[in-house]
Amino acid sequence: MDFKAVIFDLDGVLVDTEGATCAWIAQLLQPHDLLWTSDLHRHIAGTVKFFPQRCLELLEVSEVRRAELLEVLPSRLTSPEYSKFVAERMTIKAGAVALVQRLRTLQIPLALCTSRRSDGLEALMELRSDLTDLLEGLKVRVVGAIDPRNGQQMKGKPDPEVYQVCAEILGLKASECVVFEDAPSGICSAKAAGCFTIAVPESWMVGDAAAEEVFASADLRLPSLESLHETELWESLFGHLPPLLLALGNPTVDVIAVIEDLEAALQNFGLSVGSEATGFDDAQKLALAEMAQHHAGARTCAGGAAMNALRVASWAGHRRAAFIGAIGTDSGGLLIQQVLEDAGILPLLKKVPGKTGVCGVLVDGHTRDRTLSMVRAAASMLDVAWLEMPQVSCLVKEASMIYITSFVLTSQPRLAAAQALAQSAFDKGAWLCMNLSSAGLLPRVKDALIELLPKSHYLFSNSAELQAWAKLLGWSDPEPVELIRRLVAMLQPEGFAVVTAGAHPTMVAHRGEVQLFPVPNKTSAALNTAPQVSMNDFSESEDGVILHHNLINRPTEFVKLCEKALQDLYREFIQEEDVPGKVPLMQLALKTDANLDGTLGTTKPKMIRDLTSDQVEKLVVIQGIVASVKTPRDKVRKVVLKCSNCENVEEVTVESGFTAAHVPSGCKGSALRNGNYEKCPQNSFVAVGDLCEYAPDQSIRLQELPEHVPVGEMPRSIELCAQMYDVDRCTPGTRLTCIGIFCATERAAGDKLSRGRNQGTNTVKYSYIQVLGLQLAQGNQGQGALEITKDEEEQFDHMAKDPEIREMIFKSIAPAICASEKDSINQVKRAIACQLFGGARKLLPSGNRLRGDINVLLLGDPGTAKSQFLKFAHQVAPIAVYTSGKGSSAAGLTAAIVKDGGGFTLEGGAMVLADNGLVCIDEFDKMDEKDRVSIHEAMEQQTISIAKAGMTTMLNTRCSVLAAANPRFGSYDDLSNTADQMDFQTTILSRFDMMFLVKDVRDPERDYKLAKHLVALHSGAQHEEHLVPFTTQQLRKYIAYCRTKCSPRITQDGAEVLKNHYVGIRKAMKSEKATIPITVRQLEAIVRIAESLAKMEMKEAADVSHVEEALRLFTVSTLDSANRDRNGVGIDVLSDEDKKELMEAEEAIRRLVPRGGRKNKFLLEQQLVSLGGVAEQTARRAIHLMTRRGELEEKANNTLKRCE
């Protein structure tokens, strides 16, 4: 349902005041010898306006005495004394604090709608600070039926107006709100307004017939608020509960301003461009923060530890975050609370007398940070008692990750609070995250860190802090990589250590391995990222049109001019005047708007086979799939030569591409000097490697896309020469669009060139593409494939919330293939949909990984659309490779060692090229048995191990396999055993998650429907393909988006259901020899299917409904194949009509075979079909079931004996 707001009643839902009110009335009546009890109070519970008249009536006081008492008793209860009495005795309902805090972490708007008068509510809040804390998150309050927008009096409950007003203030429809009510009048009001109403009746009203009737009309009834924390109930209302990050530190505020935009405003603070913003006092800081709240060019945000908490939450994938800290009661404290809430962090702040630390950061036009000093007076008041407060302790129990900044370890009582929080995380299995904070503080927090680090899973630091920590502990390793290895060894075995180093690479250590992640600064950003120029931009000016024409027709000449212009721009705008140095090499990076699907773009790419001689030395755009990638090399782009005789220095520029340097044979140094010097000998130049300039380049072999290869022809390929920014951007299997220069040289790269007179005169040239831009459209990187815009992401998120999204996806699978109830086509469509989305990959703490890809085998008769299913899956999968079993070898499917010049190179096969995608293998039964065995490892472990030609390596094959095969004798024979018709070993069958027997069912109704459908297809009439919910392109993008954004896990309840069914299946299959082994692999298969069903809905948890559907799919596929008679193994898949027919067939058998009698099995089947009117399949199923139950016994010569 995923409601968007929650509205609470106060009395009876969040707090219990009726007990205190009952005691107050009893106290008033006691002097008059009247006994007021809880049984009497239930008749007026929920309102006090009937006092004292109704109370006296319930006590059955005579009219004369009643008149006397009315003179002396107060006419109403709402007095200051009553409010104080109630405040002292009222209790906050169990589960109320935890529920409100959980909703606040989810950033769900909360509102209060109470009939209590505003003065009464304010009196209670003044006397009870815990009530104030509870109601702090309920920003919208409708109190005493007063409209807060205009102060007008509304009708009270049970009129729906109060809840309609609440929804309007929240900016929502009433149907999008959940209302918690305890009284019948409130429930009637919420129901009439159209809200989802949850009744939480008080004990006073339970059992009252009229009240019970109203409670039954509510959408949901709960015994208490605590019961809402049950997982299934919570997810049905608000969706999956994301994990919670809890941070402990010093809350601060950052003020970020662009000085150029606010130069006039900042002059009041004495600030200008490039000035130091230091030495500010508290008043100036707060004034600066106030200024930032009123100017568009400045803003306030969470700073310090809170900002780090947000980073940790982002890295760890936590969407809920709460921050524990202490603040003062000054305006700075209010500001901190506000910026934390704006950042989506729930503030759990202890408010103490004093000032609050405010940190200001000003970002000027040169992006230099100027940090203001912080005041930490209030933060030191944090203690363990605050962690035990209900509004904090409920979230401490719920946190899955706890982040502690080292600043809080410097003094008591903050240190004790940090230690308590860390111990809590360690005890309940939550991940603990620490940082080293300031290098100057490390000596003060050394002992505390040594105690806490062994319990930690994450540690963050910078290089200066790392060096200070190493010095503090006496580590002598000089290298930062060795220091971070020693640092991560102090953490939990699965811990991560992250060390940033400014412009130097960020180091990440895990399990002793260290990875470097470069963080470009201003200059390196200009060097390492190519500002791409779109070919479409040239048409915006007259000069651009001319340049575009020259780049197309004379690229070799004009690309060099453009790159020289880029160097001039670098010299003018980036290189600092006081920093000497050479201008680095530049590459002109071009891009085009063409995409692989042909749905976008004004440029029409050429196919590789269309590159002819008239395209040489022209700019071309081609598309293809990467077949192989060679190791990057460092090519010299400027050779510095030094004469060994006269030490004359010359520079030789080497063109990009597969070109070589021309080294002069003679030195002119002697001739250039004054005087008569001896001429230098021939070939006296030697290269000075230290002075040469290098640039990376890489050789890539690009092959035609499978859909571009004409039928009956071999796919063609061409060599690409990628350089600088385009190096190491793709892997085998990546689909890309390349823009570059079509070049021709004498030989392939690395071959010796012709020498002497014949140099450059070879008539047969070697062709390649000098790359100027690569656009990865689909491949092994990221979501690979398809460019998904922000609008499409929003559309997909909205689609995922549709309760019918799974059915819509199933209807969009192969719509041209006609299905009926008589065959298994619909189930095959569901299985292929599950395969396309896939399950969740899992990396175990031991380093092993469990595959999430689903393998499907279609085994059946010819003409049952098996190949059409494969073709559709190949089209719709973001990454896919199609192959045929007879035309595929082991090397073609896995990997091949190819001799290349003097050495060997490794080329990936179909399963390597389809990494993170789908491999479609048609005619799977026609494959050679040896070739089929070669893919065992690829299908389960999802790797290919190579140990050939001196190469020992492992390639990833993280792909799904969709295979189609025919039975051993061509078509399925109902009279033969399934095992005899499957020409596969059990080792390969166990690797398929789902196997379907696709039979050509002979049924007049089905045949007529199928014939009608096919005639409509061939005649061009409208058919189902025009009515599907999603087009192929939409489905491709939605699949790619879901596979990237969602990784579901099975819930505990779902796991329990799955465990019980698996044990039952194993027990049933044990009694007879199964065609297909049911092993742990099949259990994992059901888990993957359930996860794929959840992934279609973009849910992070696969619940019981997903598990049950996965079990059903598994039963109608693999179990049906393992036992074609459906002997009851797994879950029940027979309809009521089928069960009735089965019972009638068994009765017919009992009539035909007397007790102790014998009859030929096939003759019995024929009599059942001809005389009894039983379907052939039903007859065979009935015979099989009766045999399993022991009612029939198999004898020699295919006879059956009925047991006595």
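Which residue forms a salt bridge with aspartate 697? Select arginine 633: the closest N and O atoms of the two are 3.6 Å apart. A salt bridge here is a side-chain nitrogen of Lys or Arg within 4 Å of a carboxyl oxygen of Asp or Glu.

This is a predicted model, where local features need pLDDT of at least 70, side-chain atom pairs count only at pLDDT 80 or more, and totals for chains, interfaces and linings use all residues. Residues are numbered from 1 along each chain as its sequence is written, and side-chain values use heavy atoms, with hydrogens and water left out.

Stay on the pair. Aspartate 697 sits in strand β28 (residues 693-703) and arginine 633 in strand β25 (residues 633-643), so the contact ties together parts 64 residues apart in sequence. Strands (E, at least two residues) and helices (H or I, at least four) are DSSP runs, numbered from the N terminus. Aspartate 697 is buried, at 3% relative accessibility. Arginine 633 is partly exposed, at 40%. Buried means under 20% relative accessible area, exposed over 50%, partly exposed in between (1.4 Å probe, protein chains only).

Next, select glutamate 655 and lysine 560. They form a salt bridge, with the closest N and O atoms 3.5 Å apart. Glutamate 655 is in the loop between β26 (649-653) and α26 (669-672), while lysine 560 is in helix α25 (residues 555-573), 95 residues apart.

Now go to arginine 221 and glutamate 212. Their side chains meet in a salt bridge at 2.7 Å, N to O. Arginine 221 is partly exposed at 37%, and glutamate 212 is partly exposed at 22%.

Last stop: select Arg851, Glu940, Asp993, Arg1081 and Arg1088, which a network of salt bridges links. The structure holds 47 salt bridges.
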